[in-house]
Amino acid sequence: MYVVLTLLALMLLLIVGQLAWIHLVDGEELRNAGLRQVRSQIVLAAERGAIVDQAGRALVVNTPRYDLALDPMFPGFEERRADYMAQLAIITGWRPSSIEERVKRRSSPQYVRLGEITPAQHAAVDTTDVPGLIVVESFTRQYNYGTTAAHLLGHVDRDGVGQAGLELEYDGFLQGIPGRRALLRDRRGYRRVDAAGIVVEPIDGQTIVLTIDLIRQTILEEELARGVQEARARRGSAIAVDPRTGAILAMANIPSFDPNNPLGTPPHTWRNTAITDRLEPGSSFKLVGATAAIDLGRTSMDRIIDTGNGTLNIFGHVMHDVHAHGEIPFRDVITMSSNVGMAKTAQRLSQGELYSYARSFGFGQKTWIDLPGEVSGLLKKTTRWSKITLTSMAIGYEVDVTPLQLLMAYAALANGGLLRQPYVVAERRDMTGRVLWRAADAPARQDSVRRVMDEATARALLPAFTGVVGRGTAKRAQVRGLAIAGKTGTARKVIAGRYGGGYRATFVGFYPAENPQVAMIVVMDEPRTSIYGGVVSAPVFKRVAERWIGTLPQVAEQLIAGDPELDLADSAPAAQTVRLGASAPVQDTQTMLMPDLTGLSARDARQVLRRRGLSVRLDGHGAVIRQYPAPGDSSKQEIVLTLQR
Amino acid sequence: MQRRAGHTIMTQLRAKAPLDKYVLWVVLVLSAVGTLAVYSAIGFLAEVRAGGDTELFLMRHILRVVLALAALVIFSMTDYHVLARWARVALLGSLALLVLVRIFGVSFGGATRAFHLGPLSVQPSDLAKVALVLYVSVLLVRKQHYIQSFRRAVMPVLFWVLITVVLIGLEDVSTAALLLVAVVVVCYVGRIRVVHLGGLTLTCAALALLMLVSSPPRAARLEAYVGKDLFAATDSAEVLSDQTEGYQARQARIAFAMGGLTGRGPGKSVQRDFLPAPYNDFIFAIIGEEYGMLGSLALLGLFATLMLRGYLRIARHAPDPLGLFLATSFTTIITLYGFVHAGVSVGLLPVTGLPLPLVSYGGTSMIAAGVMIGILLNISKQIRR
């Protein structure tokens with residue numbers, strides 16, 4: 001008997017030993033494995049932020065989207081499968097066979113996505129008794145005005161992640177921070193609510209307020225499209241900026257695309273060529289040489305320069321003017337755009353001087369606008385210059401710039417010689433409208449705001465550039481009563497390192513000349529009716545400037561002060577008859593005011609809104625205690641009602 | 001005549017010897033702990049079978065505990081000598097049931113082991129267990145004079161043991177093996193020659209190996225325990241994967257590790273969702289998780305108490321050889337069940353579906369344990385001073 005007792009006691013000892021081993025030796029590893037297998041969490045999606053223009057008009061919003069999914073393993077489903085399948089078919093309108101097919105082909109045993117359903121179908125799903133149904137709520141991105149500002153806004157992918165434009169640049173702010181709810185999971189993968197589990201509420205994405213204005217943007221796009229069409233150009237870009245601040249007023253490229261369906265047009269239409277394309281600026285680059293010469297005192301505006309018969313031989317390379325001008329003052333070298341006169345003036349500068357002024361204007365480096373994909377252009381270092389680079393560059397060759405760089409250089413001239421950093425986002429706000437960040441208060445990049453020239457230099461140069469519009473190469477940019485300064489540019493395109501047949505025609509300028517509010521550039525790529533910026537680009541500038549007057553009170557005031565007889569009736573209505581984007585539901589949403597929904601049940605509130613053609617997002621159950629937008633405010637695409645029992 | 005006289009003396013002495021209080025307390029504490037643990041562990045089964053009505057299963061368990069305690073009281077008041085007279089009939093009856101269950105029984109977890117009688121499922125193997133031990137003890141007493149003889153003493157014992165063990169073993173090898181160990185122990189105590197016992201053991205070992213080879217799932221479980229591919233017929237990749245026997249053993253070990261020293265607290269087990277049949281095969285792991293290292297040690301302590309009292313107090317001082325044999329074999333069965341169950345849970349032994357006596361959720365095994373302890377207590381009451 002003692003033998004048996006001893007054996008059993010030995011076994012007991014072994015068990016206790018094994019217990020101790022589990023606790024002391026394997027404990028850590030086993031505990032971790034145990035924790036890993038039970039932990040699970042549901043991600044609570046944060047709503048992506050909206051993008052609105054400077055007046056608060058919603059350019060990009062989210063619309064709720066419902067996807068129906070099914071857990072075919074849910075207890076009770078299998079028993080009455082055929083019956084439930086028939087019910088599903090009635091609710092969704094899908095063929096029972098196609099639902100069966102999806103269920104059969106599912107990759108996960110307990111989850112199969114059946115398809116997208118409408119809010120009405122969602123309501124029907126809520127009341128049905130089919131077990132195992134799951135409605136996945138998410139959002140799709142809606143671009144209210146279709147192609148308008150498409151290159152600025154960019155687009156998102158299927159998962160709502162920014163792919164281009166502001167959607168990409170500000171993705172981190174727009175996305176928000178998803179919340180999560182901790183759950184427990186058993187061995188079949190079923191999730192159970194963990195009463196003690198952590199719940200982290202999602203933080204919705206921030207609303208981004210742009211510096212651009214929907215009306216102005218629409219006008220710019222219309223006129224650019226018209227200009228491209230009239231010039232029969234391959235493409236065109238236009239940007240306008242407030243030279244005093246660097247705030248972009250509008251930015252457009254033709255052709256454009258619809259961010260609601262980016263795949264509907266070829267990839268080249270997605271490119272924001274205003275910041276991604278390099279061009280040789282041609283005559284418009286003469287600003288750099290002229291600034292250097294005046295700022296350094298190498299010449300004066302009145303100095304007479306002999307342009308001779310319009311040709312100049314520089315180390316064997318012959319340079320031509322379009323017309324022979326003979327002996328003219330330096331100001332007319334700019335006004336008449338004399339290559340010979342500019343080259344002769346440039347010869348008074350050293351290579352380093354021209355280079356450092358070009359650099360100072362921002363060429364060869366990014367402007368650091370808050371958009372993705374900007375290129376820095378090409379400004380060769382002086383060590384790589386040839387004997388003729390100095391004179392070539394002075395008239396805008398052997399240098400590559402982006403339209404935005406060129407615009408910012410002229411904006412610096414307009415701003416009394418002070419260069420600004422361009423930006424498109426004015427503010428970031430949270431869901432409740434509280435301002436989190438304001439561009440005006442934020443420090444700009446240290447190296448991107450700088451004085452390019454003395455204010456006196458800017459003042460001295462100005463008449464030459466107003467002359468360009470008044471009596472020089474850009475007479476077609478004239479607007480009655482408005483003093484416009486600017487410069488045309490025409491350059492042959494470089495294709496694969498050689499000058500091809502095409503040209504780029506540019507007009508860049510600003511107005512009112514004495515107190516500039518707007519600087520604008522219009523670039524036409526391969527225009528076919530004429531190659532001159534003064535012919536194909538200047539008229540676009542002129543028409544935009546005219547139609548914008550109604551949106552710029554300060555410009556309008558100066559206009560009236562300068563020319564009391566001017567009748568504003570011509571220009572102002574033009575601003576108001578703007579046709580806003582083809583797909584714009586703007587009339588509906590902008591004019592409709594929100595009714596007071598407080599106290600209504602979810603069903604009643606939804607009905608009220610549905611009658612007005614509005615969809616709604618509901619938070620919670622019971623009666624409405626809060627609504628967004630507030631009663632009396634104009635209704636938005638996205639209406640959020642908070643409910644409580 | 002002599003036995004009858006002795007019997008009257010015992011009856012007279014009965015009032016003086018109290019029944020063993022330690023064993024009684026062990027039983028009560030085990031049933032209470034078992035009820036708590038089963039209540040916690042049964043939720044999953046309740047969800048699948050009764051739509052989440054956990055209380056229904058709790059009530060069933062309590063009913064069984066009450067039945068087991070009733071059996072315990074009845075058998076502790078019934079003189080075991082009287083039972084001995086019915087041993088042969090009981091064994092024959094349960095053998096008949098064992099045959100019947102193979103024909104009409106309910107398939108449960110891959111093996112046909114039980115009848116359903118209303119809310120209770122009856123496993124004849126549990127009845128056969130008690131009956132066989134009872135009858136073997138009676139035989140041993142009767143054949144003490146020529147116990148060394150293989151033909152006259154060993155053969156009859158061997159006959160009944162082999163029939164019962166094989167019938168049980170056809171469906172439930174581990175129960176059969178445990179029963180065999182208990183029988184060998186009692187035969188050893190009953191002075192059967194070690195050579196004969198060795199032969200018996202070897203025969204059974206050969207049989208067991210045969211069963212192992214003939215049944216791939218069974219072999220697979222053993223392989224999972226050993227962690228090596230032993231048999232050609234099995235697919236060891238599947239065996240060693242996370243969802244099979246190796247997985248169960250690991251989940252049980254995780255349960256102990258999660259329990260730490262003092263446990264998660266009553267009803268807070270998480271591993272019950274990962275362990276198969278946590279209310280039965282792995283109830284010790286659930287106790288380890290909810291009550292910690294201290295809880296599991298205390299539970300083992302209870303079984304150790306039962307073992308010490310059973311062997312050193314009751315069996316050693318039993319009034320006659322029959323009492324000695326019965327006490328030895330019942331103590332062995334219950335203790336062995338307890339230790340093997342615990343050994344499986346901690347990963348010391350291969351995974352088998354053995355219940356923890358008096359604790360696990362399981363009808364007949366609970367009542368059988370009640371009967372065995374009842375008899376044990378009756379013997380303790382007849383101890384000579």
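Student: Before anything else, what does contact mean here?

Tutor: Two residues are in contact when they have heavy atoms within 4.5 Å. Keep in mind that this is a predicted model.

Student: What area is buried between the two chains?

Tutor: About 3,400 Å² is buried between chain B and chain A, and carbon and sulfur atoms give 73% of that area.

Student: Why give an area for an interface?

Tutor: The size of an interface is often given as the accessible area lost when the parts come together.

Student: How many salt bridges are there between chain B and chain A?

Tutor: The count is two salt bridges. One of them joins B:Arg250 to A:Glu29, with the closest N and O atoms 2.9 Å apart.

Student: Switching to whole chains. How many helices and strands does chain B have?

Tutor: Chain B has 15 helices and three strands. Its 385 residues are 55% buried. The accessible surface of chain B is about 16,200 Å², with 66% belonging to carbon and sulfur atoms.

Student: What about chain A, how many helices and strands there?

Tutor: Chain A comes to 23 helices and 27 strands. Of its 645 residues, 52% are buried. Chain A exposes about 29,100 Å², and carbon and sulfur atoms supply 52% of that.

Student: In chain A, what share of the contacts join residues at least 24 apart?

Tutor: Counting contacts between residues at least 6 apart in sequence, 70% join residues at least 24 apart in chain A. For chain B, the share from residues 24 or more positions apart is 71% of the contacts with a separation of 6 or more.

Student: Back to salt bridges. How many are there over all chains?

Tutor: A search of the whole structure finds 40. One of the salt bridges is between A:Glu116 and A:Arg65, at 3.4 Å from N to O. A:Glu116 lies in strand S4 (residues 112-117) and A:Arg65 in strand S3 (residues 58-70) of chain A, so the pair ties together parts 51 residues apart in sequence.

Student: Is A:Arg65 buried or exposed?

Tutor: A:Arg65 counts as buried because its relative accessibility is 18%, and the cut-off for buried is under 20%. A:Glu116, at 44%, counts as partly exposed.

Student: What does A:Asp525 meet in a salt bridge?

Tutor: A:Asp525 meets A:Arg234, at 3.0 Å from N to O. This pair links distant parts of the chain, 291 residues apart: A:Arg234 is in the loop between helix H9 (214-231) and strand S10 (235-241), and A:Asp525 is in strand S24 (residues 518-525) of chain A. A:Arg234 counts as partly exposed at 48% relative accessibility, while A:Asp525 counts as buried at 4%.

Student: And which side chain does A:Arg438 meet?

Tutor: A:Arg438 forms a salt bridge with A:Glu427, 2.9 Å from N to O. A:Arg438 sits in strand S20 (residues 435-438) and A:Glu427 in strand S19 (residues 425-429) of chain A, 11 residues apart. A:Arg438 is partly exposed at 35% relative accessibility, and A:Glu427 is buried at 12%.

Student: Which residues are linked in a network of salt bridges?

Tutor: A:Glu222, A:Glu223, A:Arg226, A:Glu230, A:Arg543 and A:Arg547 are linked that way.

Student: Last topic: which residues of helix H14 of chain A are buried?

Tutor: In H14(A), residues 351-360, the buried ones are A:Glu353, A:Leu354, A:Tyr355, A:Tyr357, A:Ala358 and A:Ser360.

Student: What covers them?

Tutor: The cover includes helix H11 (286-295), strand S16 (378-379), helix H15 (389-394), strand S18 (418-419) and strand S21 (450-451) of chain A.

Student: Which residue with a positive phi follows H14(A)?

Tutor: A:Gly362 does, with a phi near 105°.

Terms used: Residues are numbered from 1 along each chain as its sequence is written. Chains are lettered from A and ligands numbered from 1 in the order in which they are written. This is a predicted model: local features need pLDDT of at least 70, side-chain atom pairs count only at pLDDT 80 or more; totals for chains, interfaces and linings use all residues. Side-chain values use heavy atoms; hydrogens and water are left out. Buried area is the accessible area (1.4 Å probe) that two parts lose on being put together, summed over both. A salt bridge is a side-chain nitrogen of Lys or Arg within 4 Å of a carboxyl oxygen of Asp or Glu. Helices (H or I, at least four residues) and strands (E, at least two) are DSSP runs, numbered from the N terminus. Buried means under 20% relative accessible area, exposed over 50%, partly exposed in between (1.4 Å probe, protein chains only). Accessible areas come from the Shrake-Rupley method with a 1.4 Å probe; for residues, only the protein chains shown count as cover.
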